[in-house]
Amino acid sequence: MANPGRIIAGVLAPHPPHLVYAENPPQNEPRSEGGWDVLRWGYERLRKNILAKKPDVLLVHSPHWMTYVGHHVLGLPHFKGLSVDPIFPHLFRFQYDVKVDVDLSLLIAEEGKSAGMTMKVMKNPDFRIDYGAITSLYLTNPRLDIPIVAISSNNSPYYFSNEVGQEEMKRLGEVTRRAIERSGKRAVLLASNSLSHRHFVTEPEIPEDMSHEHIYHHGQYLWDMEVLKMMREGRTQELMDILPEFMDMAAAEVKAGALTWMLSALGMPTYPAEVHGYGSVIGTGNAVVEWDHEKNGGAK
Ligand SMILES: [Fe+2]
């Protein structure tokens with residue numbers, strides 16, 4: 001029998017489009033003078049670790065592909081198009097061209113259905129992949145040459161409650177792990193989330209003018225540092241317990257479920273995560289954090 005598939009790493013991979021804008025890749029139309037360097041250096045360090053592992057597939061769960069009924073996965077082998085951030089179209093108009101691991105997408109849909117979840121496979125060739133997924137994927141692997149699986153977030157945390165939403169995302173994480181094991185693939189999971197998410201509502205004349213950039217307020221900073229401390233000390237179950245309060249107190253983007261999905265798929269790791277970088281973007285708190293599941297014995 002072929003080797004069972006495994007998750008080799010999980011990543012908290014935030015998606016401010018500003019980070020792509022600052023890198024000036026040829027695919028992005030707007031030009032910049034840089035900015036948000038510490039976070040981008042964090043992504044550089046992450047990238048070295050992740051790409052050295054030679055993953056077969058990158059899975060991304062994004063708050064900006066939000067579905068109202070169940071979870072959707074991409075179901076065609078190739079998607080190409082223009083991804084635009086609706087809030088920052090002057091920063092992010094990105095021509096993407098990605099290959100999809102359809103076999104794994106279908107396994108996730110199948111496992112989800114077996115677990116009683118509502119799943120749908122997206123087969124519209126004109127479907128536009130959201131900027132959150134594209135940003136996290138690009139910053140992790142700028143060549144975009146590793147097949148992807150994109151999973152929609154579900155609106156349950158907003159329709160019902162933080163707690164109901166997190167239970168849903170935990171189930172989705174377990175389903176995703178089972179599908180990866182069946183696939184035989186070496187997989188990296190990207191949780192496309194910021195941490196604290198209160199932000200400024202006016203932009204400086206030069207968006208990358210770093211003299212304007214700082215955390216929205218001290219309380220947001222304290223929350224972010226507490227959450228990162230738990231991650232660095234391997235206290236992920238405790239983190240899960242306080243996450244609903246973090247969502248309410250810091251308007252945290254983890255509410256959409258990507259972090260819970262990823263940590264659930266990893267089986268709530270108890271080893272320390274590595275924080276590669278932390279910084280604010282329009283006042284929101286963002287951290288690039290890696291769980292090296294392979295190195296820490298999590299991927300048998
Ligand atoms: Fe976002």
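## Basis of the model

This is a predicted model, in which local features need pLDDT of at least 70, side-chain atom pairs count only at pLDDT 80 or more, and totals for chains, interfaces and linings use all residues. Residues are numbered from 1 along each chain as its sequence is written.

## Overall fold

The chain has 9 helices and 10 strands; helices (H or I, at least four residues) and strands (E, at least two) are DSSP runs, numbered from the N terminus. Its C-alpha trace spans about 55 × 40 × 40 Å along the principal axes.

Of contacts between residues at least 6 apart in sequence, 82% join residues at least 24 apart. Two residues are in contact if their C-beta atoms, placed from the backbone, lie within 7 Å.

## Interior

Buried residues account for 49% of the 300 residues. A residue is buried if 20 or more other C-beta atoms, placed from the backbone, lie within 10 Å of its own. In helix α4 (residues 131-140), 10 of the 10 residues are buried, so this helix is largely enclosed by the rest of the structure.

Leaving aside residues up to four places away in sequence, A191 touches V11, L12, A13, H61, A258, L259, W261 and M262.

## Helices α6 and α8

N162, E163 and Q166 in α6 meet L243, P244 and M247 in α8.

Terms used
A residue is buried if 20 or more other C-beta atoms lie within 10 Å of its own, exposed if 12 or fewer, and partly exposed in between; C-beta atoms are placed from the backbone.
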